[in-house]
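Please open the structure in your viewer and keep the selection panel at hand. The stops below are meant to be followed in order.

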Amino acid sequence: MTLMNESPASIKTVRKTRSVTINPPKMCQPMGAILAYMGVHGCVPLVHGSQGCSTYPRYNIARHFRESAEVAVSSLAEDAAVYGGAKNLTEAIKNVKSRLNPAAIGICTTCMSETIGDDVKLISKNALTPGDAMRIFPASTPSYVGTHLTGYDNALRTLVETLAVKGEPNNKINIITGIINPGDIREIKNMLRLMNVQSIFLSDISETLDTPILPGGHKPVLPDGGTSLSDIADSANSLGTLAICRSAGSAATSLMKKFNVPYAPDPAPIGVINTDRFVQNICKLSGAMIPDEIIKERGRLIDSLVDVHHYMYGKKVAIFGDPDLVSAIVRFCAEAGMNPTVAMTATKHKDFAPDIKAVNTEYKTDTQILEGTDLYEFHEVVKTHGAELILGNSKGKDIADDEGVPLVRFGFPVYDRVGVYRYSIMGYNGSIYLLDQMTNAILGHKYDPNKLHQ
Amino acid sequence: MTTILPECDIPIPQRKPHIVCHDPENIVLPMCNVQTVPGDMTERGCTFAGCRGVVGGPVKDAIQLVHGPIGCAYYTWGTRRNLSDTKLHRKYCFSTDLTEESVIYGGAKKLLNSIIESHELFPEGKAVFVYSTCVVGLIGDDTDSICKQAQEKIGIPVIPFHCEGFRGVSQSLGHHIANRTLFEKVVGTAEPQETTPYDMCIVGEFNIDGDAWIVKPLFERMGVRVLSVFTGNASYDDIPPMHRAKLNIVQCQRSSTYIAKMIQEKYGVPYINVSLFGMEQTAQALRDVGKFFHLEENAEKVIAEELAKYQPLIDHYRNKLDGKKCFIYQGAPRAWHWMGPMRELGIETILTATTFGHKDDYEKIMEKAKPGHICIDNPNALEIEEYLVKMKPDFFIGGLKEKYLTYKLGIPFINGHSYEEGPYAGFEGFVNFAKDIDVAVNSPVWKFINHPLEVR
């Protein structure tokens, strides 16, 4: 599998020169690690740190997904700062196990437990009795390194490295989702179903963080759904791994190195070309043919682009969020004839700038690329480069209001609108939905209604 | 035996003393203000949360700078609904965003630069509040001397709060740290422009969803001058002259009695406890203040005006809610603040719980509780679920983290931390409170919970 990206020789990106960070669209590692663990069936996330380190991520998950997010914490206090946190972590594992009897416990560390230097691997190992059916994933996720995506990546790699075992080929494709919504995962699954391709999702929050209310009871503390431990173990035997989120690709690299599972680190399947690549990769890895229904979905996306191109052509759009989503959306906006003026990510990733530069070369656009910076800087650049539409999470609200332009919400967290997690912006269908959202935002905002009667 | 061990806690019997069934003949208070059982799925937060999120955070024109890795700043950015009439404290999030390099070599320089830059970019900030997070305490940055150095350089107060998350057992210590810091470093550093015989501070009122905007005018209409609100919609400049009040009234008696006591001890200003929720308690608070200032008639006049306006609405909701049973789970005081008002609506509170209550909170709960009332200290998700299933309240007032667990069980819920459609304080706010309970309980959505799809 070869990379389809070719990096231009020199790329000019803006990086923050201030010491102070103002309005960061990024969170710390435990946040992402918890989300990765929540996509595993029967797995209880356990934060090894202070109580805020579980409470704050839970709050964010609850307000985005409008779901209960139960997370255990080792409740470190002053004595741990002096004597270490082994006692607390051991007791926490014991208590979670005895009360919930989970299939697994996913540990994420914090700045505190990393700074005091607890050996989480050893503590976890000692906490299990020989022959224990429960598994423990000891991910190292110090809050002072990287962002929430780094935490997702570290937890996912720990999951795979703990469980993956070589066995019989399974004829499946591994999908690394990254931090995307239940609606996205369901859409990707739908595409795979149409293509008749079996898959293993690493990991899968589509049911655990979008739970139905069913007659006759519910298990809010440990909901049904998520990828089973045996499926994760089986990921070593797959035809290949596709990463929707390359920032969470280290599990795929690990599977490639250890078990020779091919890895296609392509952009997120948003828009025509990126979704084409996703479909092509699935075909290449699995030998599947492209079914008519997928061809029709693609045709409907193109039909949608044609329908709205008069509205969208040249419209300036500024985008912020996680790197894989932003760079894919930049390409999609360019496909729609828009002018992506600013693209910003707080999480640095080597493919971010090259992806956008490639779009600029192809579509003769001139996107200002901001990497590893904050929304204060994003706003300053939006003021100078212009935007008629902003795409980002709920933290873009004030910027959009100040600039007097609409905000179309995607990414995490979106807490000031309902249902964003339910819909997909991925695949041909999801792209249609995103395009319609963008178009309607423009039509709904100071657009002369006389121009909309025909 | 009045303590109980619920089924989910059989493997962790340490939880037993924290859960009490009220028996007026043999009053036992739940064990409280101690370390959480590790891994028990607690709802508690950290000391930083109590300091930055609750007490310091509402000060609207202070630059709220979080010294630590990025998460702690992000998670407290505009989350708690402590409103103000300016935008600085909710629109902007300031962090030193410490990375590995700072953890190894120290974050002092980054902090100093961050304070100076924040001030340069936001000259409207009247002070800089610097909150230390876990890692700062561990690596040992001398934030006191950095803040002092920065203050000399920028010429506005730079206040360090030593509120590392791992200190203490809950948010509660953070409240105390914020109170003590503001008392020691800010109160008394300036005199009010003028004083009157009717100067009063409202302490422990954080303007959640606009509570302060409801209660402050009530006292002003009585002829009382509200010198400061600590700290809802407060300017930094409101805090220094607090020592010149003639009286402090304390609404949140968990997070803020500390500063009222310190002001009393050092400056001789008396304080009284109030509950500004519900018709009766709010009226009582106005009467107590009226009595202190010899403004009894004014108090009665305001009460009469408010009752004439709002009591009919309360009566309307009481007719719809009479006989309902509820759970209240709050940080601490609102658990007992709301037990009385619930009865005004004909609702009995059958279970209370607090995240970080102390002995005095539980005493106040037990004073109001009926026999058989369940009281839980520092409850966890499994206990909440078990009691919701077992006791089936008509609704539950808790915080966002409990909201969806409750919904999944088909039980109506009201967010008591940041409210649904508040404000909830004062007479007018109590109508909103009653309305939100009515909406929650009487919405048609609940009839679908156990309504299976069947082919008949």
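The tour goes from one whole chain to its contact with a second chain.

This is a predicted model, in which local features need pLDDT of at least 70 and side-chain atom pairs count only at pLDDT 80 or more, while totals for chains, interfaces and linings use all residues. Residues are numbered from 1 along each chain as its sequence is written, and chains are lettered from A and ligands numbered from 1 in the order in which they are written.

Select chain A. Its C-alpha atoms fill a box of roughly 70 × 55 × 50 Å along the principal axes. The radius of gyration of chain A, taken over C-alpha atoms, is 22 Å, which agrees with the value near 22 Å for a compact globule of 454 residues (the rule is 2.2 Å times the number of residues to the power 0.38).

Of the 454 residues in chain A, 62% are buried (20 or more other C-beta atoms within 10 Å of the residue's own, with C-beta atoms placed from the backbone).

The contact takes 57 residues from chain A and 62 residues from chain B (C-beta atoms, placed from the backbone, within 7 Å). On the side of chain A that touches chain B, the elements supplying at least two residues each include β1 (21-22), α2 (52-65) and α4 (86-100).

Finally, select β1(A) and β3 (residues 94-95) of chain B: these strands run antiparallel, joined by two bridges (pairing requires at least two DSSP bridges). Here Thr21(A) stands opposite Ser95(B).

Methods. Contact = placed C-beta atoms within 7 Å. Helix = DSSP H or I, 4+ residues; strand = E, 2+ residues; numbered from the N terminus. Buried ≥ 20, exposed ≤ 12 C-beta atoms within 10 Å, placed from the backbone.
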